[in-house]
Amino acid sequence: MARRVSVPELIGRRAELAALRSALADAEAGGGPLVLIQGDAGVGKSRLVQAFSRTAIVSGATVLTGGCLQFEADIPYAPFVEALRGLPDAPPLLGTGSAAPADRAVEFRRVADAIAGAGAPVVLVLEDLHWADASTRDLLLYLHRALAHAPVLQVLTLRAEEVGADHPVAKLIADLVRSPRVDRLRLAPLDRTEVTALAHAILGAAPASDVVDTLLTRAEGNPFFTEELLAAWPARGAVPSTVREVVITRLARLSTAAQQLARLAAVVGRTVPHDLLTAITPMPVAELDGALRELVGHGQLVTVDPDAYTFRHALIQESLYRDLLPGERRHAHARVAAALREHPDLAVTGSAAGVAAELAHHWDAAGEPAEALAAAMLAAGAADDGLAPAEAHAHYERALRRWPEVAEPGVELDTLLERAAEAASLAAHNHRAVELTRRRLALVDERAEPERAALIYEQLSYQARSRGDWDLARSTSERAVELVPAGSPARLRIASWPMALEMLSARFRACIHRARELLPQAEAGGDDMVVNRSLMALGIGHLMLGQVESGLEFLRRQNEFARRVGNPRFIGVGYVNLPEGLMWTDRHAEALTLAREGVDRAASLGFDLYLLPIVGNVVRTLVELHRWDEALDTGADPDDLAADPFNYIFVDLPRAYVLIRRGELAAAEELLKRTGFVLDGQDDAQYGTELAALRALLAARQCRWADARAAVRDGLRLALPAEDMYLTARLVAIGVQVEADAADDARASGLAHNPATATAAADALLTSLREYMSTLESDGAVPLPRTRRALGLAGAERTRLSEPDPDAWSDLAAIAGVDRHLSGYARYREAEALLIGRGSRTRAATALATARAIATELGAVPLATMTAELADRARLTPPEAHPNPVPPPDGHGLTAREAEVLELVGRGLTNAEIATELFISTKTASVHVSNILRKLGLKSRIQAAAHAQRRRIT
């Protein structure tokens, strides 16, 4: 059993807290309200009351708390004895139960006076009303009438499921709720966002999506049960004993027939059709009906329609199921499976796929391997047809587990492994797909079946690349080409995969040359896979070499082809590459629309493999549109630990860029560490180069000059053999910037440095870049606008190591275009160069004002700090400038999202509560709050809350 960890005191419940605060305000005005809080055991009634009590005490209220006790022999007035214990004038007779009727009214009056006189206002909390003794019930009714105009708020908690129509507390509730001064709060289960927040608080880290799925399925949003499950998480399949014991103890109060029926129903599942229960139980009809009535009356089962029942809580069903002995469980599953085989219409789910899945489950649990294998294959096939790869993969894994136990399985192991690997890959579990495909290779004789072996190697190469293993991807691709016979029909397909690897490795000239050869052959032969790969290679290749219109035309052709063919993989990869191509050519609005469409279609088409790359395109486009808050929000989803870690680089890299630009260096460093875990040691020209650039930027911000230079060297090792002009130029520009920044830092710190060394290092970088660009341009490559921006930045940075050249920076600002941060940085350097060279102070002030405005607009803290420091050193007061920023919607310099966050800060919400309210991460909420404080010139959340209140008034 895992050690119980610290549990957060309250997750969610903002509306309920607000309702209680409103009731307290009514009490202060002499309204005498009463609030009845209802909910299942463990749903958080006590925690809500405790949180409210703390806020009430802070506001000056007196809080009196007591709880009813669960005993076979009641203790009169037990909760009042506890609640009034600390009052000096508490009536002495409470709890004796000996007062005569005539004296009882006096006693009750004394209690009312004692409560009303305890302070102003008073909150009287009585918990677990379902266990209230008769005297307590009477006193509660009296107090509600007697305190009608007193500054007293009564708060009662109740397990509604414990109070049936004949329960003695039911009459008390009926009497209370007729009063207009009584409100009910029914606590619903936590939703997914709140369960995620609860798990995050307990675990100390964001929970994986499959963990959250399990928690929601098993605990159904019940906080107590969720906490118990997390506390016992190392034993994932086990229900915590504390929960099971509650269920089993309550069931023991029922008749033997009801207990047996409940356990048998638990084998069926959460929902149990009446006819299925009749088919599997040996009970006579009269006995069955009696047992069912008892289970429904006791709250174990609930009728969900005239022909079915459901367990009131999933953990009740699970606890009963696990209380069965192994033999009992197997026999019961066999009876259920046999009944479903004979009468499929009795299945809980009506579809053929659902019936197959239920049969697979029950035959497997019954220990019948042949039946389990056959049903699992049917269920997997249905899931494949339904574009549900994750579910199909699970069924194939069950079939693989049972396959060795069946004498005549009816399916070849190679076929089963192939289908399982394909489903795993589509579900973004390529690490498992690689394992399964390697098992296929172990079954084939390469000399006897070279074509079959070659096709398996091709699949293995694809899966290896999809999990980021470049060494395995290249070696297995080469082996596939070696093995495929010259006249094989598979030769064209196998030859197309090295072309795709060239494209993914940024060897664009080679991939274009090969695609031009393969496309006509594929179209003539009707090979859809090769057509798809060739169109993709031609599109990406042309575009990245600057032939924009022809590149986009090929990408659109691929998109249309994929939709016409209907292959989810083709459609998925189209939604990855066309938006990316549009973004690289500065067509951001179109890119964002298409990428978001891809996210929406991912769920319907089941291409989980491409979901995170598509989301990554959304994040990148938002970054380039300088909608940085949205970019961080979009990329902040909880991690799916079962997915390939490679997939997370698509969202982590652009998020890290934003965090560096905003000065959130620790958070950026964490993302780059995670990316490095995937990419370090891999020859990934695109993402490895980008990682190196961001590492260099981060190290430079932290004045780790040796690390920054090393990162640039590592990146150039990947970039120079490849043909991504932008990434190479960007990396060189960063390298030159590092040399200039390091020189400035040495001068400012009074450290010895050799200017000639820095200049030589920068010139070496620029020379390598010129040679690189010359080679590509001589072969027809044309720099994209973003590449020209990077080249301009590299040249301008070089001037910092010689004569200051404000015109170089002014020219860069003129071509910065859509890159707002680059424009602001260029204006800052322009002002700096003017001031160093004793140029026009007016021009410097104007440039600095522009830089400051852009930095403020973007929340780019380092750039804003640099502009402020330069203005201070130069004793320069920049004039106001308006460099075409996006007009702040609220007139205070805040984005729409920041204005939303400020409103929630004004309501007193914490960052975690803001995150829950807005469906963002707590870290993102923290970033928003920091931006708000900076933009408004405030020093604390208290000041921000006051500012929010003033905004409401005005």
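## Overview

Of the 954 residues of the chain, 55% count as buried, where buried means under 20% relative accessible area, exposed over 50% and partly exposed in between, with a 1.4 Å probe and protein chains only. This is a predicted model, in which local features need pLDDT of at least 70, side-chain atom pairs count only at pLDDT 80 or more, and totals for chains, interfaces and linings use all residues. Residues are numbered from 1 along each chain as its sequence is written, and side-chain values use heavy atoms, with hydrogens and water left out.

The chain holds 45 helices and eight strands. Both are DSSP runs numbered from the N terminus: helices are H or I with at least four residues, strands are E with at least two. Contact means heavy atoms within 4.5 Å. Among contacts between residues at least 6 apart in sequence, 68% join residues at least 24 apart.

## The open sheet

Five strands build an open sheet. Their order is β2-β3-β4-β1-β5, and the pairing is parallel. Two strands pair if DSSP finds at least two bridges between them. β2 (62–67) and β5 (182–186) are the edge strands, each pairing on one side only. From one strand to the next, the twist averages 15 degrees.

β3 and β4 (residues 152–158) run parallel and are joined by five bridges. V123 stands opposite L153 in β4.

β1 pairs with β4 in the parallel sense over five bridges. Here I37 stands opposite T157 in β4. Five bridges also join β1 to β5, again running parallel. Q38 has R186 as its bridge partner in β5. β1 is mostly covered, with five of its five residues buried. L34, L36 and Q38 point one way, V35 and I37 the other.

α1 lies across β1 (34–38), β3, β4 and β5, and runs at about 145 degrees to β4. α5 packs on the sheet and touches β1, β3, β4 and β5. The direction of α5 makes about 150 degrees with that of β4. Such angles run from 0 to 180 degrees between N-to-C directions, and axes are lines fitted to C-alpha atoms, for helices over the stretch in contact.

## Helix pair α5 and α6

Helix α5 (residues 134–146) also packs with helix α6 (residues 168–177). The angle is about 5 degrees, and the axes are 10 Å apart. That makes α5 roughly parallel to α6. Angles under 35 degrees count as roughly parallel, over 145 as roughly antiparallel, 65 to 115 as roughly perpendicular and the rest as oblique.

From α5, the contact takes R137, L140, L141 and H144. From α6 come P168, V169, L172, D175 and L176. By class, the contact has six nonpolar, one polar and two charged residues. Nonpolar covers Ala, Val, Leu, Ile, Met, Phe, Trp, Tyr, Cys and Pro; charged covers Asp, Glu, Lys and Arg; the others, Gly among them, are polar.

## Helix pair α37 and α38

Helix α37 (residues 785–799) and helix α38 (residues 806–816) have axes that come within 9 Å and cross at roughly 165 degrees. The two are therefore roughly antiparallel to each other. The crossing is left-handed, a term for a near helix turned anticlockwise from the far one by less than a right angle; clockwise is right-handed.

α37 contributes R788, R789, G792, L793, A796, E797 and T799 to the contact. α38 contributes A808, W809, L812, I815 and A816. These residues divide into seven nonpolar, two polar and three charged.

## Backbone details and a buried glutamate

The peptide bond from A120 to P121 is cis, with omega near -5 degrees. P121 lies in the loop between α4 (101–116) and β3 (122–127).

R13 has phi near 60 degrees, a positive value in a residue other than glycine. R13 sits in the segment before α1 (14–28) and is buried, with a relative accessible area of 6%. C703 also has a positive phi, about 60 degrees, although it is not a glycine. C703 is in the loop between α33 (685–701) and α34 (705–719). At 41% relative accessibility, C703 is partly exposed.

E832 belongs to helix α39 (residues 820–836). At 13% relative accessibility, E832 is buried. Not counting residues up to four places away in sequence, E832 touches R800 and L870.
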